[in-house]
Amino acid sequence: MVDVVVVGGGAMGSAAAWQLTRRGADVVLLEQFGPGHGRGSSHGSSRIVRLSYDDPFYVDLAAAAYQQWDELEADSGEQLLTWTGVVDHGEQSTVGAMARLLSTRGHATDLLDPAEAASRWPGLRFDGPVLFHPRGGRAHADRTVAALKRVAAEHGADIRHDTRVEAVVPAADHVEIRTDDETLLASVVVISTGAWTASLIGDTLRLPALTVTREQPAHFPPRDRATPWPSFIHHQVGTPTRGSATPRGTYGLSSVDGVKVGLHAVGPVVHPDESGTGVDEQRLRALQDYVAAWVPGVDAERPAAAPCLYTLTDDSDFVIDRVGPLTGAAGFPGHGFKFTPEIGRIVADLVLTALILAGLAA
């Protein structure tokens, strides 16, 4: 029997395995797909890293995560973050609230008018106040997940891909993890399976309803490779969205694959096993129309679609909870990746507490 089985090898599960193994836990990580797969929410070359929220909880959590990113980069010997700064623009009340909150939390900001911003970032068009904060940019998603697994393995984790978990069954003094070809026994279990969370654990954990959607951002080639690109969020009045914790509207950032742009949380509800891999031409055209109007620095007629799954709660707040030997973490897609190594630390704290309560750890 092992100390901990982590079910789910995306960003959060891999971060939990890293944080647990570096603190001495015996860990097995089980992932249903192969390394670097594109079926979930943790793949691709880029995710926004930022401090700009209108909720102090998320501002402070992002700042704490930056410390853990530093530790992960030191442990892995890889550069995973690129600091380009972040621009929030559009709806005046939202941008103003973010600017005030960042200032009260001691984070450097610039508040610019549209003309000033356009002179600094000619690849974008602005229609309202523009908030810039330099301590932000992007994370390389694929490299991050691979680095987390590699350093977790270096600290002793047993990483197993292509292993689908069929059931997680708590018993009197252990938990059974039934896979497609064996049953493992663990003292405690972490479940971080993204879009598959609800179907795997049902009502076992006190998780709110999780809605899975298929989103379709795309990469666009820049017209001039010398154009500077911050990560950016356009807060638009009346844009459809599920919840308020994440910014309304559209997001974008540069990457090795071009300039990635996406409409936030507007995709159809899907089952993760049946979400498909094709391109929705109508939704792609809507994205191209936005890009043509607001991102003049790219070629809107040459998109490369990059579909992914969102798994959101009704208010877009993610959930981390422990019930006895089970710890669940869910609801991150849409704005969670920036917190990855800090979420791993929080989950590890919960798991180690469970081991202590069971008398299995000092």
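Let's start with Trp69, which touches Leu80, Leu81, Ala139, Thr144, Phe337, Lys338, Thr340 and Pro341, not counting residues up to four places away in sequence; contact here means heavy atoms within 4.5 Å. This is a predicted model, in which local features need pLDDT of at least 70 and side-chain atom pairs count only at pLDDT 80 or more, while totals for chains, interfaces and linings use all residues. Residues are numbered from 1 along each chain as its sequence is written, and side-chain values use heavy atoms, with hydrogens and water left out.

Trp69 is also among the residues with the most contacts inside the largest nonpolar core, alongside Val4, Leu20, Val27 and Phe339; that core has 53 residues. A nonpolar core is a set of buried Ala, Val, Leu, Ile, Met, Phe, Trp, Tyr and Cys residues joined through side-chain atoms within 4.5 Å. Buried means under 20% relative accessible area, exposed over 50%, and partly exposed in between (1.4 Å probe, protein chains only). At least two residues of this core come from each of S1, H1, S2, H2, helix H3 (92-104), H5, strand S12 (183-191) and H8. Helices (H or I, at least four residues) and strands (E, at least two) are DSSP runs, numbered from the N terminus. H2 gives the most, with eight residues. A second, separate core of 22 residues includes Leu112, Ala218, Trp229 and Val298.

## An enclosed helix

Helix H1 (residues 11-21) is largely enclosed by the rest of the structure, because 11 of its 11 residues are buried. Among them are Met12, Trp18 and Leu20. The buried residues of H1 pack against strand S1 (2-7), strand S2 (27-30), helix H2 (56-76), helix H5 (141-154) and helix H8 (340-357).

## A three-stranded sheet

Have a look next at the open sheet with the order S3-S8-S4 and antiparallel pairing. Strand S3 (47-49) and strand S4 (81-83) stand at the edges with a single partner strand each, so one side of each is left without a neighbour in the sheet. From one strand to the next, the twist averages 30°, where axes are lines fitted to C-alpha atoms, for helices over the stretch in contact, and angles run from 0 to 180 degrees between N-to-C directions. Three bridges join S3 to S8 (two strands pair if DSSP finds at least two bridges between them), and Arg47 has Ala139 in S8 as its bridge partner.

Gly137 lies in strand S8 (residues 137-139) and is buried, with a relative accessible area of 0%. Leaving aside neighbours within four places in sequence, its contacts include Arg47, Val49, Trp83 and Ser231.

## Salt bridges

The structure holds 16 salt bridges, each a side-chain nitrogen of Lys or Arg within 4 Å of a carboxyl oxygen of Asp or Glu. In one of them, Arg164 meets Asp273 at 3.4 Å, N to O. Arg164 lies in the loop between S9 and strand S10 (165-170) and Asp273 in the loop between strand S17 (258-263) and helix H7 (281-294), so this pair ties together parts that are 109 residues apart in sequence.

Within helix H8, Arg345 and Glu342 lie three residues apart, about one turn of the helix, and their closest N and O atoms are 2.8 Å apart in a salt bridge. Arg345 is partly exposed at 27% relative accessibility, whereas Glu342 is buried at 5%. Salt bridges that share partners join Arg23, Glu342, Arg345 and Asp349 into one network.
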